[in-house]
Each structure stands twice: as C-alpha cells, then as structure tokens.
Amino acid sequence: MARLHLPDVEAELHPLAIEYSDLGVTPNLADEVIIKVYDIKCAEEPYLLPFRLHALCRIAESRATDALRVKVAQERSLGRHPVHEIAAAFGELRLPDPFNSSTYTSEEALVEALQKRITEVEHPGRRAVLLQAAKMVADHTGSEYFRAVLESSAGELGEPPAKPKMDLDAACRALGIEKDTDDDFVIMTYDIRVSGPDSQ
C-alpha cells in the first residue's frame, strides 16, 4: 500500500486512491452513492467520461459487487469505453492518442487509417481485433461517416453482414395486422404469436 509523505505526517493511501479521487468519492461510500456521483459527473463533463469510466471499472473490479459490475456493463452497452481501451483502439489503427490535446484526427484520416490497416492485417484473429478496435473508435468519435465505412468494410474483416432491419410494413405482415391497429391489440397479438398454441 502506498504511503503519503507530508511534513510530520505519514498516512497509508488506499490502493485505488487515484481512481476514487477521479470520481470525487471516498472508499467508504456505498456502491449506489458512487454510481450516482459517477452519473452526475459524467453528465456535467461528458468529455471526461472515458477517464471516469476507467476509474469506475477499476473500483468495480476491486469491489467485485453486482451493482458496480452491472453499471460497468450498462455503460459498455451504450458504446462507452474506458480511456485506456480507447487509446489502445486508436493505436491499433495507428492513429495518434485521441486524448493528446495537441493532435486532431479528421474523419478522412480515420477512414484512411482503417482502409490502410485492412490491407496490412491478414490473420483472421488479428482482423477480429482490428474490427473491435475500429468499432471502439467509431463509438468514441461519434463519426457517422467512419461508422458507415466500417459497416461497409466489416465483411472484409470477417464479420457477417448485418441483417436488414425490419420496416413497419414487414412487421405488420409478420403479425398479421394493419398499420393503424390499436397498440393494445398489437401487444396482445404479439404475445399470442410468441407464446404459440402449445402454451395455452
């Protein structure tokens, strides 16, 4: 355990003191309080979310509690990633660190880097790593242009093409209802179709 050395004072620091400090909380607080503070701080300063999520991940790993594990999973499901993973993803595409304030990467540079890496990486396992890194870069940058290029290139990286999304007409046909059907009737029809005759 690290020690804090001040004149006439020697105190032991918590192993995750930096992470707790990054979130603006202390180790004695309950999971629910940590989660609430995390949400508030991320809403106030969204540009710091990757740093705060990194701290939350480390604390969740240390505490091994369901509440924090679920919160981290929820954040990841929203396309949010901790700072070290984002930096590694940019590195995989041979792009500069996105958290270095002296560098800027344009959408065109993102696309060019992806296309170059696709030609360089041949091993299927490495292509899977590249695909995941590119998805993380797309999540972090929010670039629709880069995401569109990535989706069109996913087949080259070994990912099967996405199934087309069902439109309203197709959904109505699948349920055997009209477009202007009452919502309650739509739900009831869906429940009947899902449960099937064997469950009645």
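Select Glu92 and show its surroundings: leaving out residues up to four places away in sequence, Glu92 touches Arg117, Arg126, Val129, Leu130 and Ala133. Here a contact means heavy atoms within 4.5 Å. Glu92 belongs to helix H5, which covers residues 83–92. Helices (H or I, at least four residues) and strands (E, at least two) are DSSP runs, numbered from the N terminus. With a relative accessibility of 11%, Glu92 counts as buried. Buried means under 20% relative accessible area, exposed over 50%, and partly exposed in between, with a 1.4 Å probe and protein chains only.

The model is predicted, so local features need pLDDT of at least 70 and side-chain atom pairs count only at pLDDT 80 or more, while totals for chains, interfaces and linings use all residues. Residues are numbered from 1 along each chain as its sequence is written, and side-chain values use heavy atoms, with hydrogens and water left out.

**The whole chain**

Zoom out and colour by secondary structure. The chain has ten helices and two strands. Followed along the sequence, its pattern is β-β-α-α-α-α-α-α-α-α-α-α. The chain has 200 residues, of which 31% count as buried. Take the contacts between residues at least 6 apart in sequence: 50% of them join residues at least 24 apart.

Next, select Phe90, Pro98, Tyr104, Thr105 and Thr141 together. Among the 14 residues that line the second largest pocket, these are the closest to its centre. The volume of this pocket is about 190 Å³. On a 1 Å grid over the protein atoms alone, a pocket is an open set of points with protein on both sides within 12 Å along at least five of seven lines, and lining residues have an atom within 4 Å of a point. Grid points are joined across faces, edges and corners, and the volume is the space filled by probe spheres set on the points.

Which elements give two or more residues to the lining of the second largest pocket? They are helix H6 (107–120) and helix H7 (124–141). By residue type, the lining divides into five nonpolar, seven polar and two charged residues. In this count Ala, Val, Leu, Ile, Met, Phe, Trp, Tyr, Cys and Pro are nonpolar, Asp, Glu, Lys and Arg are charged, and the others, Gly among them, are polar.

**The loop between H5 and H6**

Select Arg94, which lies in the loop between H5 and H6. Arg94 is exposed, with a relative accessible area of 56%. Its phi is near 60 degrees, a positive value in a residue other than glycine. Most residues other than glycine have a negative phi.

Move on to Ser102, placed in the loop between H5 and H6. Its relative accessible area is 62%, so Ser102 is exposed. Show the side chain of Asn100 as well: a polar contact of 2.7 Å joins it to the side chain of Ser102. A polar contact is a pair of N or O atoms within 3.5 Å; within protein, one must be able to donate a hydrogen and the other to accept it, and residues adjacent in sequence count only if both atoms are side-chain atoms.

**Two rings**

How many aromatic pairs does a search of the whole structure find? The search finds one. Select Phe51 and Phe99: the ring centres are 5.2 Å apart and the planes stand at 70 degrees, so the pair is edge-to-face. Rings of Phe, Tyr and Trp (its six-membered ring) pair if their centres lie within 6.5 Å; planes under 30 degrees apart count as stacked, over 60 as edge-to-face and the rest as tilted.

Phe51 sits in helix H3 (residues 49–63) and Phe99 in the loop between H5 and H6, so the pair links distant parts of the chain, 48 residues apart. Phe51 is partly exposed at 35% relative accessible area, and Phe99 is partly exposed at 25%.

**Asp31 and its partners**

Select Asp31, in helix H2 (residues 31–44). Asp31 is buried, with a relative accessible area of 10%. Its side chain makes a polar contact of 2.6 Å with the side chain of Thr65. Apart from neighbours within four places in sequence, Asp31 is in contact with Arg63, Thr65, Ala67 and Leu68.

From there, go to Ala67 in helix H4. Ala67 and Asp31 are 36 residues apart in sequence, and their C-alpha atoms are 6.6 Å apart in space. At 26% relative accessibility, Ala67 counts as partly exposed.

**Last stop**

Select Ala64, in the loop between H3 and helix H4 (66–77). Ala64 is not a glycine, yet its phi is positive, at about 55 degrees. With 43% relative accessibility, Ala64 counts as partly exposed.

Terms used:
On a 1 Å grid over the protein atoms alone, a cavity is a set of points where a 1.4 Å probe fits but cannot get out, and a pocket is an open set with protein on both sides within 12 Å along at least five of seven lines; lining residues have an atom within 4 Å of a point.
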